[in-house]
Amino acid sequence: MGTFFSDPGWLCLTVTALLGGTILCKLKTSPGQVGRKVVCLVGLWGGAYLISLSLFWGLVLFSLLYFVMYTYFSGQELLPVDQKAVLITGCDSGFGYGLARYLDELGFTVFAGVLDEQGSGAEELRRTCSKHLSVFQLNITNTQEIKEAYRKVKEKVQNKGLWAVINNAGVLGFPTDGELIPMTEYKRCMAVNFFGAVEVTKEFLPLLRKSKGRLVNISSMAGGVPMQKMAAYGSSKAALIMFSSILRQELSKWGVKVSVIQPGGFRTNISGTSQMWEKLERTVLDNLSPEVQADYGQDYILSERSFLRLMKTSSDPDISPVLLDVRHAISAQSPFAFYAPGKLSYPWLCFASFSPTGIFDYLSRKIYTYSKKMPRVLSTSNWEDEAM
């Protein structure tokens, strides 16, 4: 008791209370993941006390950290909306659809690009949103549609400028072992998830540079965490993260801020329908050599549907964490470079980055067991003898 209530102890408690109160006030106007960092800060104060700093050095350290953190969190205040113009791709459903409605409600001028402007998602946006939301055709793998979208947006914003581009459109492909995924699926994932986002970005950057606005790319936790069955999807999302990180540095001289969103498991339509699964299964089987198909077996390949069913049942239907993080990325004075909405996204990204490879692989196998089904050859009792 005497040690805890010594002068350094009281100093820690006082500074923690002051800093915590200051940051919590900032949090009222700063959605997103700022709250997680408050917990880290409290840990810093406690750690500083545990190493028994002297009163003088404790005062110096706390004063310095207080100044740094106050300056840092001051940049998290949200800028006024003022009908700022925002372009969002992939608004037919999922995150894009939710973002279009959410940002429209907040007062942004929203340009909602959709794959099918006659589809149900596009019609619902027209019916439910304000006059400040425009829906237009935008297949991000079609150069002509991207250029036409640029022309329309530039014509509408005129001198007002375009404040933000949110590259959201994406595809999952058929999740299965990397050896089994057809090259057409690798190319499709790269075409939409990476090259499409790059082309949209390059086309609209002149408007973003003029407004000193924001570029927000929706990647995935799978872009930073190696996940079985996700070779095509994860690789394309990892490429998008690296592209964004390089642009973040290059565009800083123009005043453009770049953020990456890496969501965890949320329930959207990206996994597709049963009809799409059947089509992709046939594509996988049709593109396998007889040797590979014999080694894996058709039963193993068809059992991969269990992964897609797991995605639908275990994912979170509440996408509001993603919406809040995107809002913070386009509205905060100093947005974060990376956001990881989702219950386990942030811990898994940290674990994948800092843990030894052997430990990560072991725990990954234990936790992400989608099916007990093994490839046909591996399930035979004499496989090891044949391999020898």
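**Sheet, helices and cavities**

Modeller: In this predicted model, strand 1 (residues 85-88) runs parallel to strand 2 (residues 109-114), and 4 bridges join the two.

Colleague: Which residue in strand 2 stands opposite A85?

Modeller: That is T109.

Colleague: What holds strands of a sheet together in general?

Modeller: Strands pair through backbone hydrogen bonds, and the pairing can be parallel or antiparallel.

Colleague: Back to this one. How many strands form the sheet, and in what order?

Modeller: There are 7 strands, and the sheet is open. Their order is 3-2-1-4-5-6-7, with parallel pairing.

Colleague: Which ones are the edge strands?

Modeller: Strand 3 (133-137) and strand 7 (338-339). Each of them pairs on one side only.

Colleague: What does helix 5 touch?

Modeller: Helix 5, residues 120-128, packs on the sheet and touches strand 2 and strand 3. Its direction makes about 160° with that of strand 3.

Colleague: And helix 6, which strands does that touch?

Modeller: Helix 6 covers residues 143-157 and also packs on the sheet. It touches strand 1, strand 2 and strand 3. The angle between the directions of helix 6 and strand 3 is about 155°.

Colleague: New topic. How many cavities of 30 Å³ or more are there?

Modeller: The structure holds 4 of them.

Colleague: Which residues line the largest cavity?

Modeller: Its lining is L172, G173, F174, P175, I181, K229, M230, A231, A232 and Y233.

Colleague: How does that lining split by class?

Modeller: It has 8 nonpolar, 1 polar and 1 charged residues.

Definitions and conventions: Residues numbered from 1 in each chain as written. Predicted model: local features only at pLDDT ≥ 70, side-chain atom pairs only at ≥ 80, totals over all residues. Heavy atoms only, no water. Pairing = 2+ DSSP bridges. Contact = heavy atoms within 4.5 Å. Axes fitted to C-alpha atoms, helices over the stretch in contact; angles between N-to-C directions. 1 Å grid on protein atoms, 1.4 Å probe; cavity = no way out; pocket = protein on both sides within 12 Å on 5 of 7 lines; lining within 4 Å. Points joined across faces, edges and corners; volume = space filled by probe spheres on them. Nonpolar A, V, L, I, M, F, W, Y, C, P; charged D, E, K, R; others polar.
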